[in-house]
Amino acid sequence: MTSVTLGAPAASTPPRRNRLLHAFASSPSLRVIGRRLLTAIPVLFGVSFITFSLLNLLPGDAASSLLGLNATPQELKALRIRLNLNEPFFTRFGHWFGNVLSGHFGNSLASGQSVTSILGQRVPVSIELILFAFVLSVAFSIPVAVLAARHPRGFVDRCSILVSMAGLATPNFVLALLASLVFALHLRLVPVLGYVPLRQNFWENIHSMVLPAATIAFGLFCTYTRLLRADIVEQLVAEDYITTARAKGVHPWVILVRHALRNSMFGLLTLIGLNLGTLIGGTVIIEQIFALPGMGQELIQAINNRDVIVVEGVVLLIAVVIVLANLATDLLYAVLDPRIRYGRSTS
């Protein structure tokens, strides 16, 4: 009689779960993403706590803002109890943060509307404004920087320096008022106020967004142009690979665009990632001036109403966007330069 021995199953094929974990652990880019996301948790918590603390230090609260100066102490007390404003600071913060962890951002103290629905209405407008401004700034700054770097101290270079210095010295809100006066009131090329949703009419939407987007883009254009021009000139003068390309007879425009510009994009990407917070902050003022129903306008209204829940939701969303943008910037380095590999020692 033949005996059959039952042993442990062969270990040559690991379970699917273990294979996925091994693939994640062995990928440098994925490890970077994992580490950055873990680092983002205390950052987001700290931003939320500081914002909650600062709003709590401001005089007044949502009850006094909603009821006004003529409210009686009994009315204020009743509304504070209904809005849970009578609870201790850490209790209110812990309740809000616990709701966030469960996926619920709470309801507005002023309107009772959920913060998620408020952001769903406001965020698309701000995203469109930011993307429009970003595309305009990059689309103009790259060719101008290349032309300026082609002939340093030439006519184009001197004009770009003059425009950049003037743009950097002019605040966004002053530029917005001047642009409205010239292009809207005198030339009547674009409307001063009003917003047409993208889904309603594409061209009217572009028509209503071009002036506020150009106002934001001009400051970015000045910054990006000066940085990129200086970096390209440094590449052309100091780098050995440029000298080698010239010795091989490569056309100057090919050297400028294909080699010098590509390696100079690292500095531009870094500046874009670091400048995103300033860009979002600039939209707050611009949305107020041009009456755009975006996230910035909602943030100002919520601060005036002492609506802590809405302010926290907006600030937390902005912090998440900035963290993800900086992570995307780091990962783009490896796309521009294959020699960059995160997670490997260089010894």
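Phe-49 is partly exposed, with a relative accessibility of 27%. In this predicted model, Phe-49 belongs to a cluster of rings that also takes in Phe-93. The protein chain has 13 helices and 0 strands.

**Aromatic cluster**

- The structure contains 14 aromatic pairs.
- One of them joins Phe-45 and Phe-93, with ring centres 5.7 Å apart and planes at 75 degrees. Planes over 60 degrees apart count as edge-to-face, so this pair is edge-to-face.
- Phe-45 sits in helix H2 (residues 28–57) and Phe-93 in helix H5 (residues 89–101). The pair therefore ties together parts that lie 48 residues apart in sequence.
- Phe-45 is partly exposed, at a relative accessible area of 37%.
- Phe-93 is buried, at 5% relative accessibility. The cut-off for buried is under 20%.
- Phe-93 also pairs with Phe-49: the ring centres are 5.3 Å apart and the planes stand at 85 degrees, so this pair is edge-to-face.
- Phe-49 lies in helix H2 and Phe-93 in helix H5, so their pair ties together parts 44 residues apart in sequence.
- Ring pairs connect Phe-45, Phe-49, Phe-52, Phe-89, Phe-90, Phe-93, Trp-96 and Phe-97 into a cluster.

**Charge over a ring**

- Which residue lies over the face of Trp-253? Arg-150 does, at 5.4 Å from the ring centre.

**Overall fold**

- Along the sequence, the protein chain reads α-α-α-α-α-α-α-α-α-α-α-α-α.
- Of the 347 residues in the protein chain, 37% are buried.
- Take the contacts in the protein chain between residues at least 6 apart in sequence: 72% of them join residues at least 24 apart.

**Packing of H8 and H9**

- Two packed helices are described by the angle between their axes and the distance between the axes.
- For helix H8 (residues 172–186) and helix H9 (residues 202–238), the axes come within 10 Å and cross at roughly 135 degrees.
- That angle makes H8 oblique to H9.
- The crossing of H8 past H9 is right-handed.
- On the H8 side, the contact is made by Asn-172, Leu-175, Ala-176, Ala-179, Ser-180, Phe-183 and Ala-184. On the H9 side, Leu-211, Thr-215 and Phe-218 take part.

**Packing of H11 and H12**

- How do the axes of helix H11 and helix H12 cross, and within what distance do they come? The axes of H11 (residues 252–290) and H12 (residues 295–304) come within 7 Å and cross at roughly 90 degrees.
- H11 and H12 are therefore roughly perpendicular to each other. Angles of 65 to 115 degrees fall in that class.
- H11 makes the contact through Val-284, Glu-287 and Gln-288. H12 contributes Met-295, Gly-296, Gln-297, Leu-299 and Ile-300.

**Leu-332 in H13**

- Leu-332 lies in helix H13 (residues 308–336).
- Leu-332 counts as partly exposed, at 38% relative accessibility.
- Leu-332 and Phe-266 are 66 residues apart in sequence. In space, their C-alpha atoms are 8.9 Å apart.

Terms used
Residues numbered from 1 in each chain as written. Predicted model: local features only at pLDDT ≥ 70, side-chain atom pairs only at ≥ 80, totals over all residues. Heavy atoms only, no water. Phe/Tyr/Trp six-rings, centres within 6.5 Å; stacked < 30°, edge-to-face > 60°. Helix = DSSP H or I, 4+ residues; strand = E, 2+ residues; numbered from the N terminus. Buried < 20%, exposed > 50% of the residue type's maximum accessible area, 1.4 Å probe, protein only. Lys NZ or Arg CZ within 6 Å of the ring centre and 35° of its normal. Axes fitted to C-alpha atoms, helices over the stretch in contact; angles between N-to-C directions. Parallel < 35°, antiparallel > 145°, perpendicular 65-115°, else oblique. Left-handed = near helix turned anticlockwise from the far one by under 90°. Contact = heavy atoms within 4.5 Å.
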